[in-house]
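Subject: Handover of a structure and notes on it

Dear colleague,

Please find the structure below, together with its sequence. I would be grateful if you could read the notes alongside it.

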Amino acid sequence: MIDTGMNILIVDDHAFVRRALTTMISQLGTHQITHASDGDDAMRFIATAMPDIIICDLAMPNMDGLALLRELSNQQFTGSVILSSASDASLLRAAANLVTAFGLNLLGVMPKPSSQQQLTHFFTQHQQRYTHTHTTSQLNVDSSRAVLQNALDNKQFIPVFQPQIAFSSGECVGLEALCRWQHPDHGLLSPYFFIDEIEQAGLMAQLTLSIIAQSVQALQALPAEFANTKLSINLTPSCLTSDIINTILADQSLMALAKQKRISFEITEQTELLSDSLSLELLSRLRMNGFNLSVDDFGTGYSSLQQLSQYPFNEIKLDRSFVSQATNDTQSAAIVDMAIQLANKLHMKVVVEGVETHAQWQCMQLLGADICQGFLCAKPMQPHKLVAWLPLWENSYKVIRAQSSEALRA
């Protein structure tokens, strides 16, 4: 059961829909549920009581759902939004993008008829987000350049690993290294507290090289079960400089792993590569020396197809926004399918991010993705915890495989 006590506002012009949603929400806990028949009615309620979650239809008389979203943005609404509509997939996707453009917190899109499983997933997402936001807002972390430099000098920035799982076998075939700040006063902090400040302070190159060195050392210390596991490391466009790449190529431990095809650099495509000729030369040199190159967050950033045609990538990581919607949005599923087919024709591997449910696993597997990364398999963890995680995952995979086989026979 979802934790109780949330204030839910249902905005829909159909009384039947409002009653059906109320029944489903009531089965998830004791929440305060309020109804509004259009945007005007919703704004009158919001003026007196701010809801935690708004479930919003699009096509309504008077103020429709799109106008309501704009008003919520103007009011700086800090709760979460669920879009619920019978509109076609392209309109729902456009509306979802509008929610994000307005700076609102979108939990997801729920095509009608709604399901209790979807509501449970969305409510859980909201509470996880609220808990994180509430916790982080209480912390006053000094992220001045001097403090960050001191943290780098004392190796307070450490890697945590999120496993990557082969759909075909359930084997842990990769580990993505993600950065955390082991703060002496606040404990383990997410990049929320420091990554933008690191970039602004001009310390990203130093941080990246430190995380690379620590990750390689941790990988080499893992037991035999991880002897063939690959390591993925994020490389921002600001780190695509001759000095950084030459430092990487001079690292004997890195080069030994590169010869075994066990190192991947993930290049985010949300930022235009800084210099076409220089970045093309540097990325080509990495591939020439045995490193794998992956396009991170594929489909969301700058000129995806152009990058695939010009740069020597051999893997794409499909953004979680497509993965999360593919099970209930035919358009998202079509985009995933197209991306996988394109990758296959280009002889590239496909990693899908953000897989959190068995339904998403099954969908991505049926569409032909190669590798799964997400909370269904594992959250990011410190390297020493991988040994205990592995047998637990192997047991979970047996259940997932059995469920998938049963679903295919049905």
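The notes that follow go from the whole chain to single residues.

This is a predicted model, in which local features need pLDDT of at least 70 and side-chain atom pairs count only at pLDDT 80 or more, while totals for chains, interfaces and linings use all residues. Residues are numbered from 1 along each chain as its sequence is written, and side-chain values use heavy atoms, with hydrogens and water left out.

**The chain as a whole**

The chain holds 16 helices and 14 strands; these are DSSP runs numbered from the N terminus, with helices being H or I of at least four residues and strands being E of at least two. Its radius of gyration is 23 Å, close to the 22 Å that the globule rule gives for 410 residues, so the chain is as compact as a globular protein of that length. That radius is taken over C-alpha atoms, and the rule is 2.2 Å times the number of residues to the power 0.38. Along the principal axes, the C-alpha atoms fill a box of roughly 70 × 55 × 45 Å.

Of the 410 residues, 50% count as buried (buried is under 20% relative accessible area, exposed is over 50%, and partly exposed is in between, with a 1.4 Å probe and protein chains only). The accessible surface of the chain is about 19200 Å², and 51% of this belongs to carbon and sulfur atoms; the areas come from the Shrake-Rupley method with a 1.4 Å probe, and for residues only the protein chains shown count as cover.

Among contacts between residues at least 6 apart in sequence, 71% join residues at least 24 apart, where contact means heavy atoms within 4.5 Å. The chain carries 25 positive and 38 negative side chains, and the centres of the two sets lie 8 Å apart. Lys and Arg count as positive and Asp and Glu as negative, with His and the chain ends not counted; each charge is placed at NZ of Lys, CZ of Arg, CG of Asp or CD of Glu.

**Buried polar residues**

S294 belongs to strand 11 (residues 292-298) and is buried, at 0% relative accessibility. Its side chain makes a polar contact of 3.0 Å with that of E315. A polar contact is a pair of N or O atoms within 3.5 Å; within protein, one must be able to donate a hydrogen and the other to accept it, and residues adjacent in sequence count only if both atoms are side-chain atoms. Beyond four places in sequence, S294 is in contact with F265, E266, I267, F313, E315, I316 and K317.

Q360, in helix 15 (residues 358-367), is also buried, with a relative accessible area of 3%. The side chain of Q360 reaches the backbone nitrogen of E356 at 2.7 Å. Outside the four places on either side in sequence, Q360 touches V323, S324, T327, G354 and V355.

S85 is part of strand 4 and counts as buried at 2% relative accessibility. With residues up to four places away set aside, S85 touches D57, L58, L92, M110, P111 and K112.

L308 lies in helix 12 (residues 304-310) and is buried, with a relative accessible area of 12%. Apart from neighbours within four places in sequence, its contacts are V295, F298, I316, L342, L346 and M348. From L308 to A343, 35 residues away in sequence, the C-alpha separation is 9.4 Å.

P51 sits in the loop between helix 2 (39-46) and strand 3 (53-56) and is buried at 3% relative accessibility. Neighbours within four places aside, P51 is in contact with N7, L9, F45, I46, F77 and G79.

**Two loop residues with positive phi**

Most residues other than glycine have a negative phi. Q76, which is not a glycine, has a positive phi of about 55°. Q76 lies in the loop between helix 3 (65-74) and strand 4 (80-85) and is exposed, with a relative accessible area of 65%.

K155 is not a glycine either, and has a positive phi of about 55°. The loop that holds K155 runs between helix 6 (145-153) and strand 6 (157-166), and K155 is exposed at a relative accessible area of 56%.

With kind regards
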